[in-house]
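Please read them with the structure open beside the text.

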Amino acid sequence: MRRGMILLGLTLGLLMALAVPALAQDGADTGQTELNGTIRFGFNQFFEGVAITVADSAGGEVGQAVTDADGRWSVQVPGPGAYRVSIDTSTLPEGIRLREGQEAVVDAVVDAGQSRAVVFAVGEAPKGTPFGERAAQTVFNGFKFGLIIAMSAIGLSLIYGTTGLVNFAHGELVTFGAVIAWYFNSSWGDLNLIAAAVLTVIVCGMLGAGLESGLFRPLRARRLGIFQLVVITIGLSLLGRQLIQLFFGAEPLPYRDFQVQKRWEFGPWAVTPREVTTIAVILVALVAVGLMLQKTRFGKATRAVADNADLAAVSGINVNRVVLIVWVMGAALAGLGGVFQGLDADIDPFLGFQLLLLIFAGVELGGMGTAYGALAGSLIIGMSTEVSTLWISPELKFVVPLAALILVLLLRPQGLFGIRARVG
C-alpha cells in the first residue's frame, strides 16, 4: 500500500511539475506580447501575402500583418488578454483553403511578455466528389476512429473483467495521456511527438499502478462494494477533469508536430502520413495485446482471474499482481489512445470525457469484460459514427451509434461476444 501511495504521489507530482512551465505554454518570455504564426501546407509550401487581422475582445482592430516569403506573420498586442485572430481567406493562393472544420476566426489568450502561436491549418480545396468516393473516405475515417476508441476501450474492458469495476474516470486517463504528451512535445522539453508518446505511455502506466495499489486495492481490502467503488471513480473523474483544466487551461491546443501534412492519394482515399501511422501503431498494439492474452502465462492468468478470482487464487495465481499489471496496461492503452485522439483533434480537458460515452458503448456492444468484444464493438461504433455523416448532419453523428447500441442490446443483452448470465 505504501509503495502504491508513493507511486501515485510521484505521478501526480510529475503532472504538477510539468504544468509549471506550461503556465507560459505558448513560448519563452520574449519581453514583448505578441501573436504570431506560419501559414504553410506540408513541410515545404509557405504562402506569402496572406492577410491576418487581430482584434480585441470588443471587436476593435489591434493590428494587421501579411505573411512573408516563409509564411510567417506576427502582430504585437498592447497587453495580456483575449484576442480574436482572423485570416482573410481571399488572400490564400488559388486552390488553397482552410482545412475542413477549421474556422477563419480563432480566439487566442496571451500572457504579458509572451509570444502566442496561432494555427490556421490550410489544404487543397476539394473538387466535386462523387458519393462513392465520399463513402469510401468516411469508411476509412470510421475505421481510424473506431481503432482510437478500441485502444481505450480494451483497457476499460480488461479492468472490468479482472475487478468487476466500471471505471468512470477512464476518460480522464485518456485526457491525461493527451495532455502529458503535449507537455513533453510543446511545453516542456520540446521532444519529438514519437518520443513524447513513449514517455506518455510510461507515465500513464505509473498512474494506473498508483491508482490500483495506492487507492483501489486498500479500498477492496476494506471490503467496499462495487457500487461504492464506482461512485469513487465518478468523483475521481470530476477531480481529474478539474485538475487538468487548472494546469492545462480550457483552451484547445494542438501538438507541435505533424499538424499540417500533404495527403496521399490511394484510389478514392486521401490520407495523411499521420493517419496511416496512427492506424499501423494501433493495430500493432492491439495485436500485441491479443497475443499476450492468448499465448503468455500472464494472459492465461488474466483470463483465469476474470473467470473466477477466488479459484485463481487457490490455484496459486497472485491475483493482486495480475490486477496491478492489468491496471498498468489499461492506463497505458488509454494514454496512448489519448495521444492519437489529440493528434486527430485539438487537446482540451474534455477530450476523454467526450470520448467516454463512445468507449462505454463499444465495450457494452462487444460484451463487458472481453477484449475482443471491446475491439469489435468499438469498430462498429466508430464506423457507424462517421458513415452516418453521409446522410445526417455531423452534429448529430453520435446519435446513430448509441441508437445502434440500444437496438443490439435489446436483441442480445450480453453484447456481441458476451456470455448470457442469469441474475438473481
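1. Contacts along the chain. Of the contacts between residues at least 6 apart in sequence, 73% join residues at least 24 apart. Keep in mind throughout that this is a predicted model.

2. Overall make-up. The chain has 12 helices and 13 strands. It contains 424 residues, and buried residues make up 48% of them.

3. Helix 2, its length and course. This helix runs over residues 131-163, which is 33 residues. From first C-alpha to last it reaches 46 Å, close to the 48 Å expected at 1.5 Å a residue. Helix 2 does have a bend, of about 25°, at M151. Just after helix 2 comes G164, which takes a positive phi of about 80°.

4. How many of the 33 residues of helix 2 are buried? The count is 25, so helix 2 is largely enclosed by the rest of the structure.

5. Side chains of opposite charge can pair when their charged atoms come close. The structure holds seven salt bridges. One of them joins K144 and E275, whose closest N and O atoms are 3.1 Å apart. This pair links distant parts of the chain, since K144 is in helix 2 and E275 in helix 6 (residues 273-295), 131 residues apart. K144 has 6% relative accessibility and therefore counts as buried. E275, at 7% relative accessibility, counts as buried too.

6. Is D344 buried or partly exposed? D344 has a relative accessible area of 35%, so it is partly exposed.

7. Salt bridges, a pair elsewhere. E386 and K397 form a salt bridge, with 3.3 Å between the closest N and O atoms. E386 lies in helix 11 (residues 371-387), while K397 lies in the loop between helix 11 and helix 12 (399-411), so the pair ties together parts that are 11 residues apart in sequence. E386 and K397 are both buried.

8. Aromatic pairs. A pair of aromatic rings is described by the distance of the centres and the angle of the planes. The structure holds five aromatic pairs. Among them is the edge-to-face pair of W182 and Y183, at 5.7 Å centre to centre with 65° between the planes. Both of these residues, W182 and Y183, are buried.

9. A second ring partner for W182. Why is the pair of W182 and F248 edge-to-face? Their planes are at 90°, and over 60 degrees counts as edge-to-face. The ring centres of W182 and F248 are 5.3 Å apart. This pair links distant parts of the chain, with W182 in helix 3 (residues 170-187) and F248 in helix 5 (residues 226-248), 66 residues apart. W182 counts as buried because its relative accessibility is 3%. F248 is buried as well, with a relative accessible area of 1%. Through ring pairs, W182, Y183 and F248 are linked into a cluster.

Conventions: Residues numbered from 1 in each chain as written. Predicted model: local features only at pLDDT ≥ 70, side-chain atom pairs only at ≥ 80, totals over all residues. Heavy atoms only, no water. Helix = DSSP H or I, 4+ residues; strand = E, 2+ residues; numbered from the N terminus. Expected span 1.5 Å × (residues − 1). Bend = angle between axes of the 7 residues up to and from the residue. Buried < 20%, exposed > 50% of the residue type's maximum accessible area, 1.4 Å probe, protein only. Salt bridge = Lys/Arg side-chain N within 4 Å of Asp/Glu carboxyl O. Contact = heavy atoms within 4.5 Å. Phe/Tyr/Trp six-rings, centres within 6.5 Å; stacked < 30°, edge-to-face > 60°.
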